[in-house]
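Here are some quick notes to go with your first look at this one. Have the viewer open while you read.

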Amino acid sequence: MTEVTAPATGDGKQPATAAPLLELREIAVYYGRVRALNGVSLSVNEGEIVALIGSNGAGKTTTLRTISGLIRPAKGDVRFRGEPIHHLGAERIARMGVAHAPEGRRLFGRMTVRENLEMGAYARHDRGGVRESFDRVYTLFPRLRERHAQLAGSLSGGEQQMVAIGRALMSNPTLLMLDEPSLGLAPILVDAIFEVIREINARGGTILLIEQNAGLALRTASRGYVLETGNLPIAGSSDELLNSPDVQRAYLGM
Ligand code: ATP
């Protein structure tokens, strides 16, 4: 399968023409002597939703952590808006507009919902903009407005996931990376979270999405990558991947 390079805008499905917003070239990552990624290349264009799927341990989280600057690759480069960023620290990369809602949520359990959301905006000094971001997050997740004074540790799993996504949005990111947003959620909440993901994208947000639920991820995204044990991912449009017998057999339970 060949990589589809036509970028997209708006609803995540429309082609556009700009250079990639994010590009990984031949990334290799080691944990000690264990090689987790081996020559991973992928790109995300402005306005797209791109899904990264693969089995447990394939290296999906490692890929996102490498982009966020939490892990330094041994080889290859990561470019954001054409600039190499793989040598920069995580805070600097976050300030450039890359937000990461990690798997497992990583909330501050003894802080309120509102305080957790504020943490997402810690690097911003535009008070008016931060207020707008609060409004936006509370509009996307009315439940969080209701629960703004509740301790995050006492929220349900689904509500915690909303806070994790909300916190990432509070930085007003150019690129939003979501690690397993459906993990552990009841189907109705999964639908709600994916509705929000589509809405963020419909407003122009660019999203790189890791998801165990490969069918849902590919139906939401315009393109996808299938990562197999850290090697160069198979790339294609969502339709190509959804119709690929290999992908169907390995990831779609068909
Ligand atoms: P999952 O879907 O199960 O979360 P994944 O695709 O996100 O998996 P990663 O978490 O990126 O996979 O892990 C890739 C490989 O790197 C795995 O073999 C994992 O055991 C290994 N690995 C991940 N983190 C570490 C670490 N901190 N130290 C050592 N090995 C690690």
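Predicted model: local features only at pLDDT ≥ 70, side-chain atom pairs only at ≥ 80, totals over all residues.

1. Start at the ligand. It has 13 residues around it, and the closest are Gly57, Gly59, Lys60, Thr61 and Thr62. Helix H1 (residues 60-67) supplies the largest share of this shell, with 3 residues. By class, the shell holds 7 polar, 3 charged and 3 nonpolar residues.

2. Now zoom in on the ligand's oxygen atoms. Thr62 places a polar side-chain atom 2.5 Å from an oxygen atom of the ligand. Asn56 also uses a polar side-chain atom, at 2.9 Å from a ligand oxygen. How much of the ligand does the protein bury? On its own the ligand exposes 630 Å², and the protein buries 59% of that.

3. Next, the largest pocket, which has a volume of about 690 Å³. It is lined by 24 residues, and Ala94, Val98, Ala99, His100 and Tyr122 are the closest to its centre. Helix H2 (90-95), strand E8 (98-101), helix H3 (113-120) and helix H6 (157-169) each give two or more residues to the lining. Helix H2 gives the most, with 5 residues.

4. What is that lining made of? The classes come out as 13 nonpolar, 6 charged and 5 polar residues. Domain 1 (7-97 + 175-189 + 202-254) and domain 2 (103-173) each contribute at least three residues to the lining of the largest pocket.

Methods. Residues numbered from 1 in each chain as written. Heavy atoms only, no water. Near = heavy atom within 4 Å. Polar contact = N/O pair within 3.5 Å; in protein donor to acceptor, adjacent residues only side chain to side chain. Areas by Shrake-Rupley, 256 points an atom, 1.4 Å probe, with all protein chains shown as cover. Helix = DSSP H or I, 4+ residues; strand = E, 2+ residues; numbered from the N terminus. Nonpolar A, V, L, I, M, F, W, Y, C, P; charged D, E, K, R; others polar. 1 Å grid on protein atoms, 1.4 Å probe; cavity = no way out; pocket = protein on both sides within 12 Å on 5 of 7 lines; lining within 4 Å. Points joined across faces, edges and corners; volume = space filled by probe spheres on them. Domains from an automatic or database assignment.
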